[in-house]
Amino acid sequence: MFGRLPLPLLHALGIGLGWLVYLFDRRYRERLRTNLKLAFGDNSGLRRRAIGESGKSIAELPAVWTREYTDVLALIREVRGWQAVEALAGRGIVFMTPHLGCFEIASAYIAARLPMVVLYRPPKLAALAPLMENARRRGRVTLATPDFKGVKLLLKALKSHETVGILPDQVPSFGDGVSAPFFGRDAYTMTLPTRLLHSTGAAAIMVAAQRLSHGRGYILHFEPITLAEGDAQAAASSLNQAIETLVRRFPEQYLWSYNRYKRPKAAPQRS
């Protein structure tokens, strides 16, 4: 039912939802305020916009997940940088989409054009799993779980000169990451993208789906990046720097309520 509502109305409802959660969920409110203040200082105007954008990120999901595939793709009003993807024809690509804007729609666009294996972590609410999986399997997508079997699928795709999709700012399990600066504070950062790139010779492209105001749709951005060579620490730092650079373009659309600085049990602090 909600998926059939016009996107401007969904985003308007999302602003209200964002404020309701912010006002009544103390832990959510404190995390959003703390993370945003760490990155941009005590900017009340940016904070107010971020609260509304966080609500939009939830309210738009029924449209992105349940509408006909062609109708979802029609929400994308402009694509910037796709020529960089086309220039890499015949080479594996790691698409990295942080928690910025409508990250769910980015893979839908790519998978309409290229075969892609997407790293997928099942939701904590099991009832959501069928809906989420059906939505993410549309187009030429194969889902891979974050385990040994899933990593094998990612490697196989890249070695076949296909593409994979990863949320690079998702906190990994202990042993799958290192501490690296993210907006001035250490964050446990995945090393998987670096391992995939170095073992297959694939290219890395950062992706963001910028949310337009008043429910007008989205602009997709595709930007090639190069991660530092050498140890995992340097590579993770350069990955976080690339994410920061993208986030600074439209910072209110980053998911500041995400617990980016949590640490898996037994993960050591960086000295």
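## Whole chain

The mean pLDDT (the predictor's confidence in each residue, from 0 to 100) of the chain is 92, and 97% of its residues reach 70 or more. This is a predicted model, in which local features need pLDDT of at least 70 and side-chain atom pairs count only at pLDDT 80 or more, while totals for chains, interfaces and linings use all residues. Residues are numbered from 1 along each chain as its sequence is written, and side-chain values use heavy atoms, with hydrogens and water left out.

Show the chain as a cartoon: it has eleven helices and nine strands. Helices (H or I, at least four residues) and strands (E, at least two) are DSSP runs numbered from the N terminus. Colour by pLDDT next.

Switch to the C-alpha trace, which spans about 45 × 45 × 35 Å along its principal axes. The radius of gyration, taken over C-alpha atoms, is compared with a globule rule of 2.2 Å times the number of residues to the power 0.38. For 271 residues a compact globule would be near 18 Å, and the chain agrees, because its own value is 18 Å.

Contact means heavy atoms within 4.5 Å. Among contacts between residues at least 6 apart in sequence, 75% join residues at least 24 apart.

Now show the surface. Its accessible area, from the Shrake-Rupley method with a 1.4 Å probe and, for residues, only the protein chains shown as cover, comes to about 13000 Å², of which 56% belongs to carbon and sulfur atoms. Buried means under 20% relative accessible area, exposed over 50%, and partly exposed in between (1.4 Å probe, protein chains only). By that cut-off, 52% of the 271 residues are buried.

Select residues 103–111, helix 7. Seven of its nine residues are buried: E104, I105, A106, A108, Y109, I110 and A111.

Move to residues 192–200, helix 10, where L192, P193, T194, L196 and L197 are buried. Just after helix 10, select G201, which takes a positive phi of about 75 degrees.

Most residues other than glycine have a negative phi.

Select H161, in the loop between helix 9 (148–159) and strand 5 (163–166). H161 is not a glycine, yet has a positive phi of about 60 degrees. Is H161 buried or partly exposed? Its relative accessible area is 49%, so H161 counts as partly exposed.

Then go to F183, in the loop between strand 6 (177–182) and strand 7 (185–190). Phi of F183 is positive as well, at about 50 degrees. F183 has a relative accessible area of 4% and is therefore buried.

Select K56 in helix 3 (residues 44–59). With a relative accessible area of 8%, K56 is buried. Which residues does K56 touch, not counting residues up to four places away in sequence? They are H11, G14, I15 and R211.

R211 is also on the contact list of the next stop, Q253. Q253 lies in the segment after helix 11 and is buried at 6% relative accessibility. Leaving aside neighbours within four places in sequence, the contacts of Q253 are E53, H99, L100, G101, A209, Q210 and R211.

Step back into helix 11 (residues 232–247) and select L246. L246 is buried, at 2% relative accessibility. Beyond four places in sequence, L246 touches P98, L100, M206, V207, A208 and E223. Draw a distance from L246 to W256, ten residues apart along the chain: their C-alpha atoms are separated by 14 Å.

Finish at Y120, in the loop between strand 3 (116–119) and helix 8. Y120 has a relative accessible area of 3% and counts as buried. Its contacts, leaving aside neighbours within four places in sequence, are A129, M132, E133, R136, L143, A144, T145 and P146.
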